[in-house]
Amino acid sequence: MKRVIGFDPGLAIVGYGVLDYEGFNRKSVVDYGVINTPKDESFPVRLALIYKGVTELIDKYKPDEIAVEELFFNTNITTGINVSHARGVLLLAAVHACGKLYEYTPLQIKQAMTGYGRADKKQIQEMVRIYLDLVKTPKPDDAADALAVALTHVQTGGFTDKFYIK
């Protein structure tokens, strides 16, 4: 069995999902949830909280691999830059602690989950529920999205050109 943590990056909320797997048909949910950062904290403190939260999750679950969603934004450049900083902190923590890091675009995740690159969030979240044999869709949405990232990694077998070794 291998263990993967999937992350859905953000500044206010970072989603995470932990799966154990042996091939695509043998997988189980270990945990999922979010790392929250308070809006009233300074930007550097929020980044430090993300780093601390990611590091604690990696220390707790000791993943063999880490999967992270790549960013896609086309409306608010300021928000995108702040989320990019948060994602950078997450990547740094992941590479330092685990070394095996895989990145997936939103298109890759949608295709892996639904077979359709323009699937909406609800379709992806429903497929997460089905693939993981859950009674209800994981909440909050950021946690379900992180599980989708982890499932994409499991389904694709880590075949990506974005792989780093510590």
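Reader: Does Q125 count as buried or exposed, and why?

Author: Q125 counts as buried because its relative accessibility is 5%; buried means under 20% relative accessible area, exposed over 50%, and partly exposed in between (1.4 Å probe, protein chains only). The model is predicted: local features need pLDDT of at least 70, side-chain atom pairs count only at pLDDT 80 or more, and totals for chains, interfaces and linings use all residues. Residues are numbered from 1 along each chain as its sequence is written, and side-chain values use heavy atoms, with hydrogens and water left out.

Reader: Where does Q125 lie, and which residues does Q125 touch?

Author: Helices (H or I, at least four residues) and strands (E, at least two) are DSSP runs, numbered from the N terminus. Q125 lies in helix α4. Contact means heavy atoms within 4.5 Å. Leaving aside residues up to four places away in sequence, Q125 touches T137, D141, A144 and D145.

Reader: Which residues of α4 are buried, and where do they fall around the axis?

Author: An arc is that of the directions from the helix axis to the C-beta atoms. In α4 the buried residues are I124, Q125 and V128. Their arc is within 95° as seen down the axis of α4, so they line one face of the helix. The cover over these buried residues includes α3 and α5.

Reader: At what angle do α4 and α5 pack, and which residues make the contact?

Author: Axes are lines fitted to C-alpha atoms, for helices over the stretch in contact, and angles run from 0 to 180 degrees between N-to-C directions. Helix α4 (residues 121-131) and helix α5 (residues 141-156) pack at about 65°, their axes being 9 Å apart. From α4 the contact takes K121, I124, Q125, V128 and Y131, and from α5 it takes D141, A144, D145, L147, A148, L151 and Q155. These residues divide into 7 nonpolar, 2 polar and 3 charged, where Ala, Val, Leu, Ile, Met, Phe, Trp, Tyr, Cys and Pro count as nonpolar, Asp, Glu, Lys and Arg as charged, and the others, Gly among them, as polar.

Reader: Which residues of α3 are buried, and what do they pack against?

Author: In helix α3 (residues 106-114), the buried residues are I109, A112 and M113. They cover an arc of only 95° around the axis, which puts them on the same side of α3. The buried residues of α3 pack against β4 (65-69), β5 (101-104), α4 and α5.

Reader: What span should helix α1 have?

Author: The expected span of a helix is 1.5 Å times one less than its number of residues. For the 19 residues of α1 (residues 43-61) this gives 27 Å, and the end C-alpha atoms are 27 Å apart, which agrees. Buried in α1 are R46, L47, I50, G53, V54, L57, I58 and Y61. Those residues fall within an arc of 130° and so line one face of the helix. On the other side of α1, P44 and K60 are exposed.
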